[in-house]
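Reader: I have a structure open and would like to learn how to read it. Can we go through a few features in turn?

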Amino acid sequence: MTKLPPRSRKVRILATLGPASDTPEMIRALFVAGADAFRINMSHGAHEDHAARIAAIRALEKEFNRPTTILGDLQGPKLRVGTFEKGLAILEKGAAFVLDRDETPGDALRVNLPHPEIYAALVPETRLLLDDGKLVLRVKAVSDDRIDTIVEVGGTLSNRKGVNVPDVVVPVPALTDKDRRDLSFAVEQGCDWIALSFVQRPEDLAEARKLMGGHGALMAKIEKPSAVQRLEEIIELADGVMVARGDLGVELPPQAVPPLQKQIVATARTLGRPVVVATQMLESMIKSPSPTRAEVSDVATAVYDGADAIMLSAETAAGDWPVEAVTMMDSIAHSVERDPGYLARLHFTETRPDPTTADALAEAASSIVSVMGASAITCFTSSGSTVRRVARERPSASILALTPRSDTARKLGLTWGVHAVRTKDIGNFEEMIGKARRMALRHGMSEKGGKIVVLAGVPFGTPGSTNVLHVAAIRGDELKGRDESPSF
């Protein structure tokens with residue numbers, strides 16, 4: 001078994017796997033370099049390829065005896081134009097252009113748009129964005145089978161390019177047939193998180209939740225302006241949220257994305273949901289071994305805002321420098337978290353506890369850490385809810401999650417500041433304190449003479465029963481003759 005100490009940084013790193021990182025050796029290298037969780041992008045690749053990557057990730061659990069975290073990211077509904085007679089057409093600014101239901105290949109005057117739901121949703125003066133926003137059409141008239149537009153931003157449009165509809169809610173189902181197949185595969189493979197793309201309204205989460213059947217956690221990707229209008233409702237119904245800045249930047253002016261990122265992160269933190277900031281964080285490292293200064297600042301901003309995780313996309317999936325990208329992100333995060341003003345900035349976002357025993361104890365644990373200088377908050381948890389409540393407080397101490405459940409330990413891999421350990425359940429108070437001391441010492445969370453804060457629920461093993469807080473001192477001899485961490 002290979003020794004790998006707990007991460008000393010609080011923010012987690014989520015790395016996307018792809019052609020540049022699909023061998024067991026490369027996945028291991030990314031993990032050692034600092035990747036805490038791995039994203040499987042269902043938009044690309046066959047199920048057998050994804051299964052091999054998942055197997056390689058899970059193999060790390062046996063080598064390092066620590067949980068690994070896998071996020072299966074569904075493609076979502078993709079709206080696209082049809083084909084062109086010559087493969088492409090040049091749309092001139094100010095020219096008229098028609099989208100219709102005719103499947104005949106298009107030209108510079110018209111093209112097929114095979115999505116009846118768009119026709120039903122559009123009204124005059126709304127916009128259509130084509131090819132990731134490179135071309136912009138303004139709707140002048142719309143019927144059941146024809147959309148008349150004027151080209152506001154022209155350019156070359158080729159076969160099957162994407163269509164974004166930023167100004168209205170398009171009543172497309174959140175899950176396509178492909179998504180349902182991919183979700184079923186992800187559940188069968190034991191993915192810990194499922195990311196739902198292009199969420200527009202709270203109701204979009206319902207079908208995915210049902211199909212998951214209680215397996216894994218559900219993450220809502222915020223990449224549509226319509227989702228922002230019902231942000232709090234969506235986050236409350238999800239287990240986590242992703243700031244998917246790529247599509248947000250297509251449908252919104254670029255300058256609108258940074259304040260929106262802060263709003264989403266703050267809302268998720270207030271509601272106690274893990275939040276991931278994603279897309280183009282170290283984009284230049286796809287081809288370059290070092291990032292731009294602006295990219296470094298962008299990553300640092302997400303860390304200062306208190307995001308639970310920061311994500312690498314093409315940098316690790318298809319880039320020339322995947323390990324270097326993870327190493328750089330790890331280095332940036334460490335640098336920010338060493339800033340003496342880091343914790344103060346984190347607490348600009350107010351996270352008021354709900355009037356529950358668990359929330360009151362989570363807030364008290366954070367206060368005790370500040371007053372007494374305790375080195376760790378050790379949480380005994382079955383579902384992980386206690387740990388998430390403690391993490392919401394963004395305490396200065398490390399958070400050690402002790403759970404008998406592998407699935408809970410894995411899901412916590414995207415939660416700020418948490419080191420999760422799978423261990424045998426406890427039966428009484430004395431056993432709880434003894435195990436908390438030993439595990440804090442074993443995993444380097446405390447040392448002789450140090451103090452830890454212990455949170456648990458009585459009766460033990462009952463989810464949602466957190467009602468005990470205890471401060472324990474570390475003697476230093478707790479590990480003599482003990483070996484109690486179950487292996488994966």
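Author: Start with a loop: Arg-160 is found between β10 (155-158) and β11 (163-164). Keep in mind that this is a predicted model.

Reader: What is the phi of Arg-160 near?

Author: First the general idea: most residues other than glycine have a negative phi. In this model, the phi of Arg-160 is near 55°, a positive value in a residue other than glycine.

Reader: Is Arg-160 buried or exposed?

Author: A residue counts as exposed when its relative accessible area is over 50%. Arg-160 has 52%, so it is exposed.

Reader: Where does Gln-280 lie, and what is its phi near?

Author: Gln-280 sits in the loop between β15 (275-278) and α10 (293-304). Its phi is near 60°, again a positive value in a residue that is not glycine. Gln-280 has a relative accessible area of 48%, so it is classed as partly exposed.

Reader: Now the strands. In what order do the eight strands close into a barrel?

Author: In general, strands of a sheet pair through backbone hydrogen bonds, either parallel or antiparallel. Here the pairing is parallel, and the eight strands close in the order β1-β2-β3-β12-β13-β14-β15-β16. From one strand to the next, the twist averages 25°.

Reader: Over how many bridges do β1 and β16 pair?

Author: Strand β1 (residues 12-17) and strand β16 (residues 309-312) pair over four bridges, in the parallel sense. To find one of them, look at Ile-13, whose bridge partner in β16 is Ile-310.

Reader: Which strands does helix α2 touch?

Author: Helix α2 (residues 47-64) packs on the sheet and touches β1, β2 (37-41) and β3 (69-73). The direction of α2 makes about 175° with that of β2.

Reader: Which strand holds Asp-73, and is that residue buried or exposed?

Author: Asp-73 lies in strand β3. The cut-off for buried is under 20% relative accessible area. Asp-73 has 1%, so it is buried.

Reader: What joins the side chains of Asp-73 and Lys-221?

Author: A polar contact of 3.1 Å joins them. Leaving aside neighbours within four places in sequence, Asp-73 is in contact with several residues, including Arg-39, Asn-41, Ser-197 and Lys-221.

Reader: Last, the cysteines. How many disulfides does the count come to?

Author: A disulfide requires a pair of cysteine sulfur atoms within 2.5 Å. By this rule the count is zero. As for accessibility, Cys-191 counts as buried because its relative value is 7%. Cys-379 also counts as buried, at 0%.

Definitions and conventions: Residues are numbered from 1 along each chain as its sequence is written. This is a predicted model: local features need pLDDT of at least 70, side-chain atom pairs count only at pLDDT 80 or more; totals for chains, interfaces and linings use all residues. Side-chain values use heavy atoms; hydrogens and water are left out. Two strands pair if DSSP finds at least two bridges between them. Helices (H or I, at least four residues) and strands (E, at least two) are DSSP runs, numbered from the N terminus. Axes are lines fitted to C-alpha atoms, for helices over the stretch in contact, and angles run from 0 to 180 degrees between N-to-C directions. Contact means heavy atoms within 4.5 Å. Buried means under 20% relative accessible area, exposed over 50%, partly exposed in between (1.4 Å probe, protein chains only). A polar contact is a pair of N or O atoms within 3.5 Å; within protein, one must be able to donate a hydrogen and the other to accept it, and residues adjacent in sequence count only if both atoms are side-chain atoms.
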